[in-house]
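Trainee: Could you take a close look at a single part of this chain and describe how its elements meet?

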Amino acid sequence: MYKYDQYDQSIVDARVAEFRDQVERRLAGEITEDQFKPLRLQNGLYLQLHAYMLRVAIPYGTLNSKQMKMLAHIARKYDRDYGHFTTRQNIQYNWIQLDQTPDLLEELASVEMHAIQTSGNCIRNISSDQYAGAAADEVADPRPWAELLRQWSTFHPEFAHLPRKFKFAVIASEEDRAAMRLHDIGIQLVHNDAGELGARFFVGGGMGRTPMIGPMVRDFVPADDLVSYAEACLRVYNRYGRRDNKYKARIKILVHELGKDEYTRQVEEEFKHIKTLNLDPPKAELERITTFFQDPDYDLSASDDLDLSDPDFAVWVNQNVKAHKQTGYAIANISLKPIGGIPGDASSAQIDVMADLAKDYSFDELRVTHAQNIVLPHVKKSDLYALWQKLDEAELATPNLDLISDMIACPGLDYCSLANARSIPVAQKIATRFADVGKQKELGELKLKISGCINACGHHHAGHIGILGVDRKGVENYQLSLGGSGAEDVSLAKITGPGFDEDGIVDAVEKATNVYLEQREGDERFVDTYRRVGMAPFKEALYD
Amino acid sequence: MKLLTGNDLKSGLVTWWTGEDWSINIEDAVDVGEQGEAILTAEEAARRVNSPYIIDGDEISGTPRPAHIKDRVRALGPTVRSDLTLKPNDASAIDKVV
Amino acid sequence: MTDIFSLRDDTPVSELPVSIEEFLGGNATAVRIEVGEDTRQLLPYLDRIALVEVSFPAFTDGRGYSAARILREAGYNAELRAQGDVLLDQIRYMHRCGFDSFAPEKPLKADQVDAVLKRFDAVYQSSMDGQNPVWNLRHGG
């Protein structure tokens, strides 16, 4: 894992001091709320439905047990004893007091954490593959590149007031576990013909009210050009992105309006100029960062055997444990989607348990996933049974990874001031309807995603089944869509027709799954069947 | 009726205008009639409230009830965590929001 | 006219800046860039410019930062002034992009500006203020 040096620490410490000063000036009336708002947002502090909400950055979703423990401590001391893990691999707290925020940030800084640029119209936390460094299919660990971009984007003076927020994702495998193509800039690490590692750039993806799949603008950016190329992409956007309408201000609209080719031409021209300025870090810097992401000290004699005689354990292994690149090891997914629970929420006690388990069983490392789950990336197979038992005790062993009850759901109208409808009660009702694991397994991989408003924080456009909550004359109403994907088979879901009320949407989801069960061929997933048979049979079942 | 609501500047908690001060309990809220804008401007300038706004409401058995569900959720707390609402022991409170 | 807050050694240019259009058709030495205008139009004339004033109609409109950098990257080294909704908390970003004078709508306090410019002693990027980024410092650069 990356470790701060004196420079990283001094930058984070200086930001704490700066924010303390900004809060004091706000409380003293020296700056207005309009002036303060972008300052607090760029430090992750929102004014939400019930109170201030603080979003803490978890760069590329990676953290150690000490940091995880700190997150539990923050929840206990400054909040209401729980946290919410987000689709951007961050954590947020719903009841933070403004005047206590500087002290909280100081505690975070003591474990090399911060809330810098987790909101606002700037470059946000860089997200990545939750299996980075553990997956057999990656060409390299994407996190050194993500860390380099984290540093480059932190307090970037030219890009602190962009037309709109800006999200990067970096992956390094063909399988896309990070919804890379649905980011403002998606980067896939690849090798070129000469065997050198470089970055494939996709620009202009995103969800929100106008979902777009990011087109590729460059198939290979060498490591030495990474920063210059990113600067060029951002500069064209900063200069020409729309600022007249916040709903058209994301880079996807610029790329769409200019056309991919014209946007690319402008970027390449800007890049040619920027490259002359010598802005890129020395080669040694990426090498230095990469040394922090070496393989842990695996037991090379660890056995690949696994005793699955306990049937409940076998169910969990079968669903939540994934192959590791190292013989004798496995990737363990901890579902934060208990049946009837709140997707992504974890109590302080559970956060502590996960921290302890990471220390005992996963070389002190945890990951947060964009699907709002936690991963222990490097677990010895012979430890899996003990791990599972401890997870089970803490109610963290729900065996539902990638099944219908493993939903992404935004906080919705229960917490969010932008929401039009509640998301969580719908998620709870659907999970309860499909509570039986056998029933869920029969449906196989089924990604259900729920947003409580058009901003699409719940990724409904990318759901095999997507649900969008809307406000219909003051009453919550839910639109169903089908056929989306945020993975390597990326696609945008299509709406089925008129919406449903809260109970109606649960029935509609069940009807859609019944159509799938009737129509599927071979080992097709829900989304495969939908793509083959189209919308018609689903519409018929839903509306006739 | 017209109600005035916002958040406490320091704590961020949802507050309601009581006629002379701000309360976290909507039961204390008063109808501000046509005075909303004036109160809001003065109170915001004095930093006794953050981001206040005026909403429509009705009076139901002596208690103000916001017209929109969003402000009813604000008045109570998250409907999915009754333990964190202002009425953790009132099972019917959440039903009244929806 | 508002007070000019300058970080330069010379006296702020007092000539009233003209629009790009007027500048291109005349002999003015002070020019003003509005948001959305292409700063690169000025690049052939940098030798005769004593002041470029960049407009910030709202502090949240960040186009002026790119305008400043484009000028500095092209070698412009005379006065570069940020005018408009110029606030204490953005001064550091402006300075890093190459601004060295400020015409804020509300006056800035010198001691506060001094404090914000000194707050961060390390930076991650190369920019136009000459500060050596940490990725050079880490490798003896």
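Mentor: In α1(A), the residues A:Val12, A:Asp13, A:Val16, A:Phe19, A:Arg20 and A:Val23 meet A:Thr101, A:Pro102, A:Leu105, A:Glu106 and A:Ala109 of α4(A); two residues are in contact if their C-beta atoms, placed from the backbone, lie within 7 Å. Helices (H or I, at least four residues) and strands (E, at least two) are DSSP runs, numbered from the N terminus. This is a predicted model, in which local features need pLDDT of at least 70 and side-chain atom pairs count only at pLDDT 80 or more, while totals for chains, interfaces and linings use all residues. Residues are numbered from 1 along each chain as its sequence is written, and chains are lettered from A and ligands numbered from 1 in the order in which they are written.

The contact of α1(A) with α4(A) comprises seven nonpolar residues, one polar and three charged; Ala, Val, Leu, Ile, Met, Phe, Trp, Tyr, Cys and Pro count as nonpolar, Asp, Glu, Lys and Arg as charged, and the others, Gly among them, as polar. The axes of α1 (residues 6-27) and α4 (residues 101-109) of chain A come within 9 Å and cross at roughly 175 degrees, so α1(A) is roughly antiparallel to α4(A). Axes are lines fitted to C-alpha atoms, for helices over the stretch in contact, with angles from 0 to 180 degrees between N-to-C directions; over 145 degrees counts as roughly antiparallel, under 35 as roughly parallel, 65 to 115 as roughly perpendicular and the rest as oblique.

The domain assignment, automatic or from a database, gives chain A domain 1 (6-109), domain 2 (134-290), domain 3 (311-393) and domain 4 (408-543). Domain 1 of chain A contributes 20 residues to its contact with domain 3 of chain A, which contributes 21.
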